[in-house]
Amino acid sequence: MMGHISVPSKRLVRPWKLLDLVTGLLFVAVFVFFLCVFTPLGDSLAASGRQALVLSGGRDRNGDPQHRERFLRVVESGEAAVEACPLESVDYCPCEDPRRSSHFTRERNVYRERHCPPQDQNLLCLIPPPLDYKIPLPWPESLHKIWHSNMPHNKIADRKGHQGWMKAEGPYFIFPGGGTMFPDGAIQYIQKLKQYLPISGGTIRTALDVGCGVASFGGYLLKEDILTMSFAPRDSHKSQIQFALERGIPAFLAMLGTHRLPFPAHVFDLIHCSRCLVPFTAYNGSYMIEMDRLLRSGGYFVISGPPVQWPKQEKEWTDLQDLAHTLCYELVIIDGNTAIWKKPSNNSCFALKSVPGPTLCDEHDDPKVAWYVPLKDCISQFPSLKEKENSLVELPKWPSRLNEPPQRAADIKNFLDIFKADTRRWQRRVTYYKNVLNLKLGSSSVRNVLDMNAGFGGFAAALIADPVWIMNVVPAYTINTLAVIYDRGLIGVYHDWCEAFSTYPRTYDFIHAIGIESLITDLSRGGNRCSLVDLMIEMDRILRPEGTVVVRDTPKVIDRVAKIASAIRWSTEVYDTEPESNRKEKLLVATKQFWTLSSISG
C-alpha cells in the first residue's frame, strides 16, 4: 500500500515593514546595553577603547582635534595607564631636541636655544630609563663618580679625558675634577683665584659658570659655601649638563644666543667663563652686556682662556679689554690666560664717559624681566639708591643674608612682616614633612631638589642645613620674587610650566609643588593655559625612579592630581597639612615607581 506524502501548503511571506526594522534594532540595542552594563564584557570593551586611545598617544592620523582632548580626559580620570615611550627617547629634552633644533638657523646659535614643540605635539608617554639604569650614587660620592650605565655616553671621556674632565673606569665614570683650563683639577684652580677674589668668608655666595662642561668648577666651589648655577647648551658635548646633574651639581641647559638668560638683574656675585668660547664683543657687545645685566654691582667677572693673551687672538683680546673699560670695569689682574674684572658700584663713571660704545637703556627697559626677552645692546641701569644693599659691598655676607629681608623688595607693602612670617611658616612645614610624613629630606637619597613655585625661597631656606641643593623656580607670569631668592644666597630660574623644563630626564630626586594648578592658570582670562596631564608627564620626565613628589593644594585639585598620578605609575598617599595651617589644603606625597621597558612589557 502506498503511503501518502503530506505536502504542506505554501505559506505567504509578509514583507518586512519599517516598524519591524525599528523593533529589531531596539531589541538589539537593549541586548547590547544589558550585555555591557551587567556583564564583565562591558568592562572589557570599555577598557579596550580607553587603552586604544592611550596607545595612540593622543595622536590621530586623520587630524581630529578632539582626539587629543579625549585622550587627556581618559588619563585625567585615572582609568588607564599612560604607556612608555620608545627606548630611543631615554634622553629626550622637548625644548632642546636636536631634531627640532636642526630646522633653525645656526646664526648666533639660534638652533641651540629653547625651541619647544606646540602643545598638541607634546609626547603623551612616559620617558623610560636606560636598560641598565641604577639609582644614582649618594652625595658626596657622586661628585667623584657616577654609574656608567645611567648615561652610557663615552664621547666626552674620549675627547676630554686627558684634560681631567672624566674617564670611564669599570662600571663608573670617574671625575678627577679637571677642566680644559685647569687640567690639574678645580681645587688648584680655585686656590689660584683665591689670590685675587674673596672666595672665602661669605662675600661671594652666588656664581654663574658659563659653558660649564661637567661643572667641576661649581662642584668644588660648594666647599667654599659658594652656590654656582652652571649652564651649557646641548651641543657637540651632548650630555655635559646631564653628567653635572647626575653628580649632584646645580646645572641646567641654556644657550647664550639671542635671548636673555632666565635670571633677574644684578643677582650673581661672580660670573666665570673657563674656555666658554663666547664672543663677548660680537653683536655690539650684547653678550658682555648680558653678563653685566646679571652681575651684581661690585661683583667679579672672570675669563680663563681665549681670548685672554691667546695666540692669534690679539684683536679679540684688545676689543674685550676696550669693552670692559667702556663698561667702567676695574681690571683686577691678568694672570697668564686668566683675567679678572670688578664691576663698578654705580653709574657715575659711565655717565662721564664720552667715548663711543654702549649706552644706558632707557627707563622703559626692565632688566628683571628675562623670559623670552631678546638680548639688548644697551646697559641696564644700576639699582636706585634705596636698593643700594643689592651691591656686593652692602649685601650681608653669607650665611647672614639667608634670613635678612632683601632691600630690593622693600616696596612691597608690609614686606618685612610677610618675609618673616613666610620664613617661619616654611620652617614649620619642613619640620612636619620630615618628622610626621617621614619624607627623605636630609637623607642621602635626596640631593637634587626642584621647587616649582618657590615664592620667596622659604622652602629652600628651611633645608639649608641638609646635603641638598634646590632649583627655585619662579613662574614667569606671576609676582617676580626671583631676585629676592638670589639676595638670600639661593639660586633659581624663571620658567613657564606650560613648557618643558630645560633639563634632562631623571634630573631631580625630589619635586615640590605648592598650588600646582596655579602654575598653568590663565590669570587674565581664567581657565587653564595647558593641561594638568601634560604638566605631570613633564614632572615624571625630570623625576628619577623612586623619586618623591609633594603637591600642596586644595582637596579638589589633590583629587585630580591623585588620579593622574595613578595613570603615570606613581604610588600616592594623601595627608592633612600641619596643625598650624588653616587646613584648607591637602598634601599629596607620590613616589615614582622604578619600572623598565622590559618590566612593563613582560
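In this predicted model, the count of aromatic pairs comes to 24. One of them joins Phe280 and Phe301, whose ring centres are 5.5 Å apart; because the two planes stand at 90°, the pair is edge-to-face. Phe280 belongs to the loop between strand S7 (268–274) and helix H10 (282–294), while Phe301 is part of strand S8 (residues 295–304), so this contact ties together parts that are 21 residues apart in sequence.

Another pair is made by Phe501 and Tyr508. Here the ring centres are 6.5 Å apart and the planes are at 55°, so the arrangement is tilted. The angle is what decides the class, because planes over 60 degrees apart would count as edge-to-face and those under 30 degrees as stacked. Phe501 counts as buried because its relative accessibility is 3%. Tyr508 has a relative accessible area of 0%, so Tyr508 is buried as well.

Aromatic residues also gather in a group: Phe231, Phe252, Phe263, Phe268 and Tyr486 form one aromatic cluster. Two arginines meet ring faces elsewhere. The charged end of Arg108 is placed over the ring of Tyr283, at 4.1 Å from the ring centre. Arg569 lies over the face of Trp595, and there the distance to the ring centre is 5.9 Å.

The cysteines come next. How many disulfides does a search of the whole structure find? The search finds five, and three of these are described here.

Cys273 and Cys276 are joined by a disulfide with an S to S distance of 2.1 Å. The torsion about this S-S bond is about -90°, so the disulfide is left-handed. Cys273 has 1% relative accessibility and therefore counts as buried. For Cys276 the value is 15%, and Cys276 still counts as buried, because the cut-off for buried is under 20% relative accessible area.

Cys361 and Cys378 form another disulfide, with the sulfur atoms 2.0 Å apart. Its torsion of 95° about the S-S bond goes with a right-handed link. Both cysteines are found in the loop between helix H12 (348–352) and helix H13 (415–435), and the pair, 17 residues apart, links distant parts of the chain. Cys361 and Cys378 are both buried.

What is the handedness of the disulfide between Cys498 and Cys530? The sulfur atoms of Cys498 and Cys530 are 2.0 Å apart, and the torsion about their S-S bond is about -80°, so this disulfide is left-handed. Cys498 lies in the loop between strand S13 (492–495) and strand S14 (508–514), and Cys530 in the loop between S14 and helix H16 (532–542); the pair therefore ties together parts that are 32 residues apart in sequence. Both Cys498 and Cys530 are buried.

Cys93, by contrast, is in no disulfide. The nearest cysteine sulfur is that of Cys95, at 9.1 Å. A disulfide needs the two sulfur atoms within 2.5 Å. Cys93 has a relative accessible area of 1% and is therefore buried. Cys212 has 10% relative accessibility, so Cys212 counts as buried too.

Technical notes. Residues are numbered from 1 along each chain as its sequence is written. This is a predicted model: local features need pLDDT of at least 70, side-chain atom pairs count only at pLDDT 80 or more; totals for chains, interfaces and linings use all residues. Side-chain values use heavy atoms; hydrogens and water are left out. Buried means under 20% relative accessible area, exposed over 50%, partly exposed in between (1.4 Å probe, protein chains only). Helices (H or I, at least four residues) and strands (E, at least two) are DSSP runs, numbered from the N terminus. Rings of Phe, Tyr and Trp (its six-membered ring) pair if their centres lie within 6.5 Å; planes under 30 degrees apart count as stacked, over 60 as edge-to-face and the rest as tilted. A charge sits over a ring if NZ of Lys or CZ of Arg is within 6 Å of the ring centre and within 35 degrees of the ring normal.
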